[in-house]
Amino acid sequence: MRFVRQKSRSPNTYFVRITTLLLSAKFFTLALAVSAWAAPLQVEKPYFGIHVVDGSNDRGVPLVELRTVNDVSYWTDSQGWVAFHEPDLMDRDVFFHVATPGYEFPSDGFGYRGVRLQTTPGNSATIQVRRTNLAERICRMTGQGIDRDTRLLGLATDRERDQAITLGQDSVQAVPFGDKIFWLWGDTNLAHYPLGNFHTTAATSRLPTKETEPPENGVRFEYYLDATTGFVAPMIPDSQPGAVWLFGLMVVPNESGHDELLAHYSRHLSLAEVAEHGLVRFNSKSERFEKLKTIDLAEKWRYPRGNAVRVNGGSGDYFYFCEPFATTRVKANWASVIDPQAYEALHFDEATSSYRWQTDLEPTTQQRESELLIAGEISAGQCRYRCLEAASGSSIEIHRASINWNKFLNKWLLIGNQAGDENAASRLGEVWMATADEIAGPWHTAIKIASHPNFSFYNPRQHTFFDSADGRYVYFEGTFTRTFSGSVAIPRYEYNQLLYRLDLSNKRISGQ
């Protein structure tokens, strides 16, 4: 049973209760029971508004498909609204199939998951869906039309952010820098031509405070623009072929003690072929990154990678680099960060049968550790990356992740996506969490927190500057795309960033 609230301009608004009735031994149908309720919510004609909300908190759910019987699909915007206007389907009963990753709508006797609505222009209806994911989908962070339907319906929104500057953005990095958050993304789709900006896009936003908008309302980005074209600026101007990506973004005090933004860059001719890589620093005057040092292509690990985390603990003050696990580190000073020979890797020493930090050998990966376990060279108790699903005990291979200290759990929290598994619901769309007492592990129990069947959700990134309630609520985002999945692109959502919120007090996480 599920309630559907239908609203109109009339003095009465209606609740439509969808109840499955047994009509015969073989057939079922839907009966609609209508009763008066609260004051109406008005929307702009000629649209009929449909609001899809999370049944646990009545928040709008982005990325919900409402599909008619003749396969016309509408997708909810970031506030959960669809502005429906199909000229031949107005002012009549219309059935909508309801579907979205991580949420579900109950099925009727024939197995259809959907609802019949009277599509009167100016009226609206609210549909509740049940969240099956542990993580709650909050909003789309990037791209055009984030609040499109909300605006078409004439409903108030405090997310006036849609500037159509970008249409798609890949793989986010973000760090507090000065009095702002500094954001950067990889490949960026633009409206004027299929080939957009492939030399990194960047923006800033206000630091979160009690006075600023909560992340649930999205983020107002101030993009770095090219003064000549008006498009987003290539943050690493380079005439050489290939896409230029930045990872390992971090704030490092320079020789004079002033904070600087530094990252690793790589110029790719393809996903697998790297033509050049090294270190870059941000020039605040030119508002561009400048190449600081080129690193030999033969060097595979002695540089910033993945997601950087600064830890000042018993071992000293270090930057740890999570790709996906924290297997590489360097002392948190300028001289060390720019010197490849200063980097340390966590390596399993077969001679001593133990993990140790050292500077000569490459880090031991999760895949290598699994090989050592099968060969009997390491015991299960010695493993650091043997992530096992809490329910089944099956092994989970992590593709990319970010790791941060969580005050609420009093542990290190890993949020990562699963590497391709033919038995998983998606190739790169399953998101997991794990905890450990140390940033370098061991990591053992993994809990799935979000699923994106037949889609990818990769390079997840926690934003600790959004944490609330002493870390009870954490936020992470990643790239949502059909790439690597073979699915059909979802308009406006394709190749963009989705933001999730996770309540770590959930009993399914705490085991209470």
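Is Cys 387 buried or exposed? At 0% relative accessibility, Cys 387 counts as buried, where buried means under 20% relative accessible area and exposed over 50%, with partly exposed in between (1.4 Å probe, protein chains only).

The legends below describe a predicted model, in which local features need pLDDT of at least 70, side-chain atom pairs count only at pLDDT 80 or more, and totals for chains, interfaces and linings use all residues. Residues are numbered from 1 along each chain as its sequence is written, and side-chain values use heavy atoms, with hydrogens and water left out.

**View 1. Cys 383 and Cys 387.** A disulfide is a pair of cysteine sulfur atoms within 2.5 Å. By this rule the count is zero disulfides. Cys 383 is in none, and its nearest cysteine sulfur, in Cys 387, lies 10 Å away. That separation is too far for a bond. Cys 383 has 2% relative accessibility, so it counts as buried.

**View 2. Surroundings of Gln 169.** Gln 169 has 0% relative accessibility and therefore counts as buried. Its side chain makes a polar contact of 2.9 Å with that of Thr 166 and another of 2.6 Å with that of Tyr 223. A polar contact is a pair of N or O atoms within 3.5 Å; within protein, one must be able to donate a hydrogen and the other to accept it, and residues adjacent in sequence count only if both atoms are side-chain atoms. Leaving aside residues up to four places away in sequence, Gln 169 touches residues including Trp 185, Asp 187 and Tyr 495 (contact means heavy atoms within 4.5 Å).

**View 3. The open sheet β13-β16-β17.** Strands (E, at least two residues) and helices (H or I, at least four) are DSSP runs, numbered from the N terminus. Three strands form this sheet, with antiparallel pairing. β13 and β17 (193-197) stand at the edges with a single partner strand each, so one side of each has no neighbour in the sheet. Strands pair if DSSP finds at least two bridges between them; β13 and β16 (residues 188-190) have two. Gln 169, in β13 (residues 168-169), has Thr 188 of β16 as its bridge partner.

**View 4. Helix α3, residues 366-375.** Gln 366, Glu 369 and Leu 372 are buried. Seen down the helix axis, the buried residues fall within an arc of 115°, so they line one face of α3; the arc is that of the directions from the helix axis to the C-beta atoms. The face turned away from the buried side carries the exposed residues Ile 374 and Ala 375. Elements covering the buried residues include β27 (344-349), β28 (354-358) and β30 (398-406). Just after α3, Gly 376 takes a positive phi of about 80°.
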